[in-house]
Amino acid sequence: MRARYGVPLGITAVGAAGLAYAAGFEVRSFRLRRVTVPVLPQGMRPMRVLQVSDIHMVGGQRKKQRWLQSLAGLRPDFVINTGDNLSDPEGVPETLDALGPLMRFPGAYVFGSNDYYGPKLRNPARYLLEKTSGRHGLNGNAPAVSAIHNPWEELRDGFDSAGWVNLTNTRGSLKIDGMEIALTGLDDPHIKRDRYEQVAGGPAEGADFSLAVVHAPYLRVLDAFTADRYPLILAGHTHGGQLCIPFYGALVTNCDIDTRRVKGLSAHEAEGHRSYLHVSAGCGTNRYTPVRFACPPEATLLTLVARD
């Protein structure tokens, strides 16, 4: 009797403990990751860029709000927000409150699908099915129906009033200590809102440094930015895989990038050119899957230094 039931009960206990850890601890175990990227022209001083992504704010997430507010103590040169700030139509005030101290610094942003539309309950196994079929978001799947529309205009107005640059299928720039940082951004490729033809042509002439920003790191976008010779691309969306296997890594990316580059700094090559790519694992989750395993929530402080 003991042998017959011992193994299943043991597996059940381990699974329950893992779920309790993923939902009760790791999902609130916020981390700051630090990365050094050699992309600046020779002679340009190092720059500190704070990237926040995939906040997925839900009402009442006080610890997340306090942690985001505390990041202002890093005093970055500028902030890049790579989208998916919301996971609750009522979450705009708390999102703006959480990001308020960071909005005192120069910054720029793009939106992700969850800024525009509320999340829907879905079977997590669908992410694996989409991976095997190569169909992600609206890229090959049927258009969403009965979608909840988030008040993204209020979020946009809050960012704009703080002086953050809206990079929705457009270009912008920041002035940092007399240096011009040129920015090129796209709307979310995950729901086919990207319009690269509106920003094509490569980095702005005369700028001290240029970088590219997008929410979801789809290959068509990475190829275009790299072919246009942007030295650095910042993205989010993947949640780092969210549920990962220790010593193996992510199973899915929720787009067509490979799991090896699901988070962190890597390289992307296209048409004989090479760009650095940084994908943030983000600091939130969809409100219907509030768990993380072997993939803690994060923000990243990127220190940009001169190229070798």
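Biologist: What is the mean pLDDT of the protein chain, and what percentage of its residues reach 70 or more?

Modeller: This is a predicted model, in which local features need pLDDT of at least 70 and side-chain atom pairs count only at pLDDT 80 or more, whereas totals for chains, interfaces and linings use all residues. Residues are numbered from 1 along each chain as its sequence is written, and side-chain values use heavy atoms, with hydrogens and water left out. The pLDDT is the predictor's confidence in each residue, from 0 to 100; the chain has a mean of 92, and 93% of its residues reach 70 or more.

Biologist: Where in the protein chain is confidence lowest, and where is it highest?

Modeller: Helices (H or I, at least four residues) and strands (E, at least two) are DSSP runs, numbered from the N terminus. The lowest mean, 54, belongs to α1, and the highest, 99, to β9. Over residues 7-16 the pLDDT falls below 50, and this stretch has zero contacts in the model beyond near neighbours in sequence; contact means heavy atoms within 4.5 Å.

Biologist: Why is Val 27 called buried?

Modeller: Buried means under 20% relative accessible area, exposed over 50%, and partly exposed in between (1.4 Å probe, protein chains only). Val 27 has a relative accessible area of 13%, and therefore counts as buried. This residue lies in the loop between α1 (2-24) and β1 (31-40). Leaving aside residues up to four places away in sequence, Val 27 touches Ala 22, Thr 285, Pro 290, Val 291, Arg 292 and Pro 297. Its C-alpha atom is separated by 6.4 Å from that of Pro 296, 269 residues apart along the chain.

Biologist: What makes β6 and β12 the edges of their sheet?

Modeller: Two strands pair if DSSP finds at least two bridges between them. Six strands form an open sheet with mixed pairing, in the order β6-β7-β8-β9-β13-β12. Since β6 (170-176) and β12 each have a single partner strand, one side of each is left without a neighbour in the sheet. Neighbouring strands are turned by 30° against each other on average, direction ignored.

Biologist: Which residues of α7 are buried, and what covers them?

Modeller: The buried residues of α7 (219-227) are Val 221, Leu 222, Ala 224, Phe 225 and Thr 226. Their cover includes β7 (179-185), β8 (209-213), β9 (232-235), β12 (264-270) and β13 (273-279).

Biologist: How do α2 and α3 cross, and what makes the contact?

Modeller: Axes are lines fitted to C-alpha atoms, for helices over the stretch in contact, and angles run from 0 to 180 degrees between N-to-C directions. The axes of α2 (62-70) and α3 (92-99) come within 7 Å and cross at roughly 35°. Arg 62, Gln 65, Leu 68 and Gln 69 of α2 meet Glu 94, Asp 97 and Ala 98 of α3.

Biologist: Which members of the largest nonpolar core touch the most other members?

Modeller: A nonpolar core is a set of buried Ala, Val, Leu, Ile, Met, Phe, Trp, Tyr and Cys residues joined through side-chain atoms within 4.5 Å. Of the 28 residues in the largest core, Leu 50, Val 52, Leu 68, Leu 71, Leu 102 and Phe 159 touch the most other members. The largest share, three residues, comes from α3. A second, separate core of 25 residues includes Met 44, Met 47, Val 165 and Leu 234.
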